[in-house]
Amino acid sequence: MSNDPGTSVFPGTAPSPESRIHGCLLGGALGDSLGYVVEFDPIEEIRRRFGAAGLRDFSALDGGTHFSDDTQMTLYTVDGIVEALEWANSGVGADANACVWLAYLRWLGTQGVPVPESAPRPQPRWIDAQDVLRHRRAPGNACLSGLATGEMGTLFRPVNPDSKGCGTVMRSAPFGLVPHIPAEAVYKLSADAASLTHGHPSARQSAGVFSLLIYSLVQGSGLAEAAQAALARVLADDEAAPELRERLEAAIRLSGQAGPGTVLSPEELVRELGEGWVAEEALAVGLYAVLATAIAPGGDGAPDPVAHFKAAIAVAINHSGDSDSTGSIAGNILGAYYGTACLPADWLEALEAPEVIRGMAGQLVSVTSA
């Protein structure tokens, strides 16, 4: 395997679609869980609690941790996609975005927010019986308020028209895991689903671009190649939000300046790319963390997948910002690229309810391989 992250050449065989799906969902949950510990802490507090290098491992925690609303909503995104594909596999057409919306309404109910009388009453599914998903884990205000309207937001009839929080990006990796559909269809599915809760162009476009990035990796692209393809999609769009273009360009440019052991400090990261509370910043921070650490120690040979995963998550979460979302994004990316081979075994042992995440991954594998 080349040490160029733009080259996807794996020893032996490339990760299977099943491994990429499991890797993406579990990887995102690991990054989310570690980042959730420090989500609202400034970097000074993170260093005070965990030392100069910050939080780098589950072993630093007493009693483990939980995943946040990022993983909850990602799994409910999977469920909406699964339901749409179940209908399709049975020969019945279904509106994929409506299925995702119904899934999100069921998630809203798990958060103790009443579903409006005007909204449909979706039938419960397997995911709804998983108690671990019924805890309130700092859900985003726009996600809650957008769904609580009882209106199905669209591009032309947006809810929260000025909201561009990262709640769209952090839940959108699953759209990139669906095979056998064109790249532009992936982008549209993801952007349309973002419109269910957020109306700002950057919120929709950042979600679409993130899903395209995951899709490119699943199709066999390397990390740098997929990042450049995502940027090219933005540059080719006359209606692209300028802040999204600027953040993606900065993430790719800055990652290219990194060498062994030389990544941006947490302060520099926030100054250059932002804190991650809004969509384009979260995407840029997660992407930078992955690209900047894709260099083997010593600068030669290939990065070890597990070492790369740990290094990327450390960069993604140790800053004064939305650490669980940026960690989740980085974990999604590397899990889609390497498959389960990058997931640290001891981290998986510390992960909350891995059987639920694997259960949803298995459902997606089943309907996409039918």
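Helices here are DSSP runs of H or I, at least four residues long, numbered from the N terminus. Keep that numbering in mind as you move around this predicted model.

**Stop 1: a loop between two helices**

Select Pro-122, which is found in the loop between helix 4 and helix 5. Is Pro-122 buried, partly exposed or exposed? With a relative accessible area of 24%, Pro-122 is partly exposed, because that class covers values between 20% and 50%. Now show what surrounds Pro-122: leaving aside neighbours within four places in sequence, Pro-122 is in contact with Leu-102 and Arg-106. Pro-122 and Glu-39 are 83 residues apart in sequence, and their C-alpha atoms are 32 Å apart in space.

Next, pick Asp-131, whose place is in the loop between helix 4 (96-110) and helix 5 (141-148). Asp-131 has 57% relative accessibility, so Asp-131 counts as exposed. Draw a line from the C-alpha atom of Asp-131 to that of Thr-110: the two residues are 21 apart along the chain, and the line spans 9.1 Å.

**Stop 2: into the core**

Now colour the nonpolar residues and look inside. In soluble globular proteins, nonpolar side chains tend to be buried together. In this model, the largest nonpolar core has 114 residues. Which residues have the most contacts inside this core? Select Phe-210, Ile-214, Leu-223, Leu-273, Tyr-288 and Ile-333 to see them. The largest share of the core, 11 residues, comes from helix 11 (residues 279-292).

Zoom in on Ile-214. Not counting residues up to four places away in sequence, Ile-214 touches Cys-24, Ala-173, Gly-176, Leu-177, Asn-332, Ile-333 and Ala-336.

**Stop 3: helix 11 and its partners**

Show helix 11 together with helix 13 (residues 323-338). Their axes are 8 Å apart, and the two helices pack at an angle of about 50 degrees. Helix 11 and helix 13 are therefore oblique to each other, and their crossing is right-handed. Which residues meet here? From helix 11, select Ala-282, Leu-283, Val-285, Gly-286, Leu-287 and Val-290; from helix 13, select Thr-326, Ile-329, Ala-330, Ile-333 and Leu-334. Sorted by class, this contact of helix 11 with helix 13 has nine nonpolar, two polar and no charged residues.

The axes of helix 11 and helix 12 come within 8 Å and cross at roughly 145 degrees. Helix 11 passes helix 12 in a right-handed crossing. On the helix 11 side, highlight Val-285, Tyr-288, Ala-289 and Val-290, which meet His-308, Ala-312, Val-315 and Ala-316 in helix 12. How many residues of each class are in the contact of helix 11 with helix 12? By class, there are seven nonpolar, one polar and no charged residues.

**Stop 4: a serine in helix 13**

Go back to helix 13 and pick Ser-325, which lies in that helix. Ser-325 is buried, with a relative accessible area of 2%.

**Stop 5: two positive phi values**

Most residues other than glycine have a negative phi. Select Asn-160, in the loop between helix 5 and helix 6 (183-194). The phi of Asn-160 is near 45 degrees, a positive value. At 21% relative accessibility, Asn-160 counts as partly exposed.

Then find Ala-353, in the loop between helix 14 (345-350) and helix 15 (354-368). The phi of Ala-353 is near 45 degrees, again positive in a residue other than glycine. Is Ala-353 buried or exposed? Ala-353 is buried, with a relative accessible area of 13%.

**Last stop: an arginine in a loop**

Finish at Arg-56, in the loop between helix 2 (43-50) and helix 3 (69-89). Arg-56 is partly exposed, at a relative accessible area of 42%. Not counting residues up to four places away in sequence, Arg-56 touches Leu-34, Ala-314 and Trp-347.

Technical notes. Residues are numbered from 1 along each chain as its sequence is written. This is a predicted model: local features need pLDDT of at least 70, side-chain atom pairs count only at pLDDT 80 or more; totals for chains, interfaces and linings use all residues. Side-chain values use heavy atoms; hydrogens and water are left out. A nonpolar core is a set of buried Ala, Val, Leu, Ile, Met, Phe, Trp, Tyr and Cys residues joined through side-chain atoms within 4.5 Å. Buried means under 20% relative accessible area, exposed over 50%, partly exposed in between (1.4 Å probe, protein chains only). Contact means heavy atoms within 4.5 Å. Axes are lines fitted to C-alpha atoms, for helices over the stretch in contact, and angles run from 0 to 180 degrees between N-to-C directions. Angles under 35 degrees count as roughly parallel, over 145 as roughly antiparallel, 65 to 115 as roughly perpendicular and the rest as oblique. A crossing is left-handed if the near helix is turned anticlockwise from the far one by less than a right angle, and right-handed if clockwise. Ala, Val, Leu, Ile, Met, Phe, Trp, Tyr, Cys and Pro count as nonpolar, Asp, Glu, Lys and Arg as charged, and the others, Gly among them, as polar.
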